[in-house]
Amino acid sequence: MKYETIKENLITLQKSLEIIRAVFDIKKLNEEYKNLQKEQESPDFYLNLERMQTVGKKISIIEKRITKINHLEDNFTLLQGMFEECSETDTKLLEDIEKELTDLTAVVEEMRLLALLSGKYDKLGAILTIQ
């Protein structure tokens, strides 16, 4: 991949990360996470087994999403820093950046798909019939 192509791909990836962050609304996720944790601290919380399981699942999902998005952003920042430090003639570093960019782009695409499938009814089961 050429220097300019990597630069363009980094810009595209940055826009994708911004969209993912907006779709998942990290601020709202953090607030929901804190509220669920407070609910868990309630003395009578553990009396309702069904609610306890539901809240536990929600907390787990939220933790994973927040962690994954933060990890993506940290890796992007690191990759962007590496790119800013390299020159067009530094082929070894450009190859390393290209590999990392490919890996990061794959994870971002996975998150984008998750964003598309995170609607109100997407947690429900479905039956698919192929004829």
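Visitor: In which loop is Leu47 found?

Guide: Helices here are DSSP runs of H or I with at least four residues, numbered from the N terminus. Leu47 is found in the loop between α2 and α3. This is a predicted model, in which local features need pLDDT of at least 70 and side-chain atom pairs count only at pLDDT 80 or more, while totals for chains, interfaces and linings use all residues. Residues are numbered from 1 along each chain as its sequence is written, and side-chain values use heavy atoms, with hydrogens and water left out.

Visitor: Is Leu47 buried or exposed?

Guide: Buried means under 20% relative accessible area, exposed over 50%, and partly exposed in between, with a 1.4 Å probe and protein chains only. Leu47 has a relative accessible area of 73% and is exposed. Its C-alpha atom is separated by 53 Å from that of Asp96, 49 residues apart along the chain.

Visitor: What caps the N-terminal end of α3?

Guide: A polar contact is a pair of N or O atoms within 3.5 Å; within protein, one must be able to donate a hydrogen and the other to accept it, and residues adjacent in sequence count only if both atoms are side-chain atoms. Here Asn48 is the cap, with a side-chain oxygen 3.2 Å from the backbone nitrogen of Glu50.

Visitor: How many residues has α3, and how far does it reach?

Guide: The expected span of a helix is 1.5 Å times one less than its number of residues. With 37 residues, α3 reaches 54 Å from its first C-alpha to its last, close to the expected 54 Å. For α4, 26 residues reach 37 Å, close to the 38 Å expected.

Visitor: Which residues in α3 are buried, and what covers them?

Guide: Among the buried residues of α3 are Val55, Ile59, Phe76 and Phe83. Contact means heavy atoms within 4.5 Å. The cover of the buried residues of α3 includes α1, α2 and α4. In α4, the buried residues include Leu94, Leu101 and Met111, and the buried residues of α4 pack against α1 and α3.

How values were computed. Helix = DSSP H or I, 4+ residues; strand = E, 2+ residues; numbered from the N terminus.
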